[in-house]
Amino acid sequence: MNSLSSRAAIGLFLIVVLAWGVNWSVTKQLVQLLPPLWTAAIRSWIALAALFVILGLSNNLVIPERRDIPVVLSVALLHMTIFSVLVAAGVRFLPASKAIVLGYTTPLWVAIAAPLLGKDTLTAPKLAGALLGMIGLAVILNPTSIDWSNANVLIGAGMVVLAAISWAANIIYIRAHHWIASPLQLLIWQVLVATILLTVSALVVDGLPHAEWSWRLVLLSLYSGLIGTALAYWAMSMVNKSISALTTSLGTTGTPLVGIATAAILLGEPIDMSLAVAAGLIVAGIGLATLGDRLLRGQATASG
């Protein structure tokens, strides 16, 4: 499929931000009804079926070549399995609004780790942005914001931060990979591998799923699988063809803001001062690291 028009791409990108933002509140509700592993596995099965139809109709079903197998496995393991399970497990003990702010520290971990691994250069904007984001992380993790006397809350926060680090590791690897097939064409294979891993893990750890099935559980699962996963992944693949990486990097900072607002509306979670300040600092840090670094590189290129 050809690149989208700017208007269509921006519209699709807004759908992605909304879908991902709302999905944190949906996941928060799902893990009250199902174990985290089954929450992620069922969502993955629904997404797999939907993507098979979407990619089949758009002639994007291909067999991956050997050189693309590492990226299929890395995305399936680090993002679609480890990230998904850690978020689902962590959000049981945390408000969805605070979990999404912790989860979207991923770009900060990328800015810190990539230079240390020799995959990028640590520029002043990246360092300043990372420091700003770390201050935001300290704000949301302070004892007045998160109950340090509750071990489950601390474990939940740690799981979500580890999830963000896992996603960051995946992003660093993806940047270094030399793609043969397009990310869109490999998407269904990544979801397939993740679905198998999640299902086997759920069966081993929890056995067959035991839940009181209701229309609420079905609708939440369908939203998470169809909208929050399949549609969002497909739409993001299409958007990446039509919008610059800078725009998408900055635009995704809107996801935690949508998540905070959604949690307040759907779950009645309060937006306290520490949450607002932390979200502002982390979003500003990501913006500074991304936009400042791009401007610095542009100036260096212009000056030769």
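Author: Start with handedness. A crossing counts as left-handed if the near helix is turned anticlockwise from the far one by less than a right angle, and as right-handed if the turn is clockwise. In this predicted model, helix 5 passes helix 7 in a right-handed crossing.

Reader: At what angle do the axes of helix 5 and helix 7 cross, and within what distance do they come?

Author: Two packed helices are described by the angle between their axes and the distance between the axes. For helix 5 and helix 7, the angle is roughly 55 degrees and the axes come within 8 Å. The two helices are therefore oblique to each other.

Reader: Which residues of helix 5 and helix 7 meet?

Author: On the side of helix 5 they are Thr 106, Trp 109, Val 110, Ala 113 and Ala 114. On the side of helix 7 they are Val 161, Ala 164, Ile 165, Trp 167, Ala 168, Ile 171, Ile 172 and Arg 175. Sorted by class, the residues of this contact are 11 nonpolar, one polar and one charged.

Reader: Take Thr 106. Is Thr 106 buried or exposed?

Author: The cut-off for buried is under 20% relative accessible area. Thr 106 has 2% relative accessibility, so Thr 106 counts as buried. Thr 106 belongs to helix 5, which covers residues 106-116. Apart from neighbours within four places in sequence, Thr 106 is in contact with Ala 164, Trp 167, Ala 168 and Ile 171.

Reader: Which residues in helix 5 are buried?

Author: They are Thr 106, Leu 108, Trp 109, Val 110, Ala 111, Ala 114 and Pro 115. After helix 5 comes Gly 118, with a positive phi near 75 degrees.

Reader: How do helix 5 and helix 6 cross?

Author: The axes of helix 5 and helix 6 (residues 124-140) cross at roughly 135 degrees and come within 9 Å. That makes helix 5 oblique to helix 6, because the roughly antiparallel class needs an angle over 145 degrees. The crossing of these two helices is left-handed. Leu 108, Trp 109 and Ile 112 of helix 5 make the contact with Gly 129, Ala 130, Gly 133, Met 134 and Leu 137 of helix 6. The classes here are six nonpolar, two polar and no charged residues.

Reader: At what angle do helix 3 and helix 7 pack?

Author: Helix 3 (residues 69-90) packs against helix 7 (residues 151-176) at an angle of about 165 degrees, and their axes are 8 Å apart. That makes helix 3 roughly antiparallel to helix 7. Helix 3 passes helix 7 in a left-handed crossing. Among the residues making the contact are Val 71, Leu 78, Ile 82 and Phe 83 of helix 3, and Met 159, Val 160, Trp 167 and Tyr 173 of helix 7. The residues of this contact divide into 18 nonpolar, six polar and no charged.

Reader: Next, the nonpolar core. Which residues of the largest nonpolar core touch the most other members?

Author: A nonpolar core is a set of buried nonpolar residues joined through side-chain atoms. The largest one has 71 residues, and Leu 94, Val 101, Leu 102 and Trp 234 touch the most other members. Setting aside neighbours within four places in sequence, Leu 102 is in contact with Leu 94, Leu 137, Ile 140, Leu 141, Ala 157, Val 160, Val 161 and Ala 164. A second, separate core has 14 residues, including Leu 37, Ala 41, Ile 42 and Val 85.

Reader: And the loops: where is Asn 59?

Author: Asn 59 is in the loop between helix 2 (36-57) and helix 3. Its phi is positive, about 60 degrees, although Asn 59 is not a glycine. The cut-off for exposed is over 50%. With a relative accessible area of 67%, Asn 59 is therefore exposed. Another loop residue is His 210, between helix 8 (183-206) and helix 9 (215-242). His 210 has 68% relative accessibility, so His 210 counts as exposed too.

Reader: What does Gly 251 touch?

Author: Not counting residues up to four places away in sequence, Gly 251 touches Phe 13 and Val 17. Gly 251 is found in helix 10 (residues 245-251). At 23% relative accessibility, Gly 251 counts as partly exposed.

Methods: Residues are numbered from 1 along each chain as its sequence is written. This is a predicted model: local features need pLDDT of at least 70, side-chain atom pairs count only at pLDDT 80 or more; totals for chains, interfaces and linings use all residues. Side-chain values use heavy atoms; hydrogens and water are left out. Helices (H or I, at least four residues) and strands (E, at least two) are DSSP runs, numbered from the N terminus. Buried means under 20% relative accessible area, exposed over 50%, partly exposed in between (1.4 Å probe, protein chains only). Contact means heavy atoms within 4.5 Å. Axes are lines fitted to C-alpha atoms, for helices over the stretch in contact, and angles run from 0 to 180 degrees between N-to-C directions. Angles under 35 degrees count as roughly parallel, over 145 as roughly antiparallel, 65 to 115 as roughly perpendicular and the rest as oblique. Ala, Val, Leu, Ile, Met, Phe, Trp, Tyr, Cys and Pro count as nonpolar, Asp, Glu, Lys and Arg as charged, and the others, Gly among them, as polar. A nonpolar core is a set of buried Ala, Val, Leu, Ile, Met, Phe, Trp, Tyr and Cys residues joined through side-chain atoms within 4.5 Å.
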